[in-house]
Amino acid sequence: MHAREQTIFALATGRLPSPIAIVRVSGSEAGAVLEVLAGRRPLPRAATRVLLHNAARHPIDDAVVLWFPGPASATGEDVAEFHVHGGRAVLAALFAALSAFADVRAAEPGEFTRRAFENGKLDLTEAEALDDLIHADTDRQRRQALRQLNGLLGDRARDWRARIIEASALIEASIDFADESDVPTGLIAPARQRIRTLLGEMQEVLAAQGHSERLRDGLTVAIAGPPNVGKSTLINQLTRREVAIVSPHAGTTRDVIEVALDLDGYPVTVIDTAGVRETDDPVEREGVRRAKARASEADLVLWLIDADDPHDAVAAAVPVWTVRNKVDLDALDFRGTAEPPAELRADFAISARRGDGIAQLIAALVEFAGAFFGSGEGGLIIRTRQRQLLQEAADSLQRSLVEQGEELAAEELRAAAFSLGRLLGRVDVEDILDVIFREFCIGK
């Protein structure tokens, strides 16, 4: 039997041990498995308490089972669920009993979701959204993924594709049946008007996204500056825990430290880098090189200075905020009427040790993140793959409007519909399905 025709099983809940564990079985043998282990096949979608036995009639666990006959199931196939106690020995016994059946095997990562996709339970944009929902770390990521799972992009793409096919039908009718008396004349003009409307809608979506797909990966903020200005103290202040060693000795931080934060629902990775200075120490010199490299790759750089050594900010192609630290020291405390000297003026003045100005800095970071992500969670596009295919469809529509012959215009419309079909995962996507679904956890 082919692997895709075999019945699969996997743990659908988290790490063991746990109070309850759910084992899901999907495939043509799910009903037979349920009858053997539970002694009967319960009513569909009705939780039933049973004593599970293996094929040798040895008891496994006092459990609750559910039966979902296909196609009215999560995967579109027959599905059985075993809700058992989450001990390792219980799961080992249940997995051994399941593996003893012919053509029943453990699932590969993402195989349940792939079967749901192949059986038409969800399109590829919704499958990607399910993966994003599983891996969401912040509330904004969760809400964005949930919107996509509910068809935010998929429904729009299906509508666009249907309208492209309608416009294509008008043009092809004018080509193939121009001499037929029952084919109305003047089909090209209304077809082109439909195409213009479609193209405008797609271009509006593409233009409005900004960095919205980056919400999946988050914003990267690098803390950089000369040695001993308080970079490690600042990252500890932002994370509210000791993630970096703080020392009065310059050059303590030799490597890059990364910490993931949730700032008002925005995922932000903060990087603490080695102090930037000239040094003969080969290890510290490598740390400085890495610091400059990571600062150049970040989306925002916080350049820390103090009065003793106001270095020029690192050169970067991204925004750089100058942050003057240690305002709690008397010599640098300009919170009265006096202004700091010109070389010490900065975008922000803080005390990483005492906490002065940290709230204002965080508020500014949240505002920056909101502008950076643009439409954010409300955006239709959340992956680069989706943007590329939607851009391909828009380009094909644009070319169909400038082509001189109806045959060439019809071919461009077919290409646009094909790109949207690939976006939904309904045509020619075998080469990317393995890549997408293997990123899922086992049991999904």
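These legends go with several close-up views of a predicted model. Residues are numbered from 1 along each chain as its sequence is written. Local features need pLDDT of at least 70 and side-chain atom pairs count only at pLDDT 80 or more, while totals for chains, interfaces and linings use all residues.

View 1. Leucine 206 belongs to helix α7, residues 188–208 (helices are DSSP runs of H or I, at least four residues, and strands are runs of E, at least two, numbered from the N terminus). With 11% relative accessibility, leucine 206 is buried (under 20% relative accessible area, using a 1.4 Å probe and protein chains only). Leucine 390 sits 184 residues away in sequence, yet 7.9 Å away C-alpha to C-alpha.

**View 2. Tryptophan 321 pairs with phenylalanine 368.** The two rings are edge-to-face, 5.7 Å centre to centre with 85 degrees between the planes (rings of Phe, Tyr and Trp, the last by its six-membered ring, pair if their centres lie within 6.5 Å; planes under 30 degrees apart count as stacked, over 60 as edge-to-face and the rest as tilted). Tryptophan 321 is in strand β11 and phenylalanine 368 in helix α10, 47 residues apart. Both are buried, at 14% for tryptophan 321 and 17% for phenylalanine 368.

**View 3. Phenylalanine 372 and phenylalanine 373 make an edge-to-face pair.** Their ring centres are 5.3 Å apart and their planes are at 80 degrees. Phenylalanine 373 is buried at 0%, and phenylalanine 372 is buried at 12%.

How values were computed. Side-chain values use heavy atoms; hydrogens and water are left out. Buried means under 20% relative accessible area, exposed over 50%, partly exposed in between (1.4 Å probe, protein chains only).
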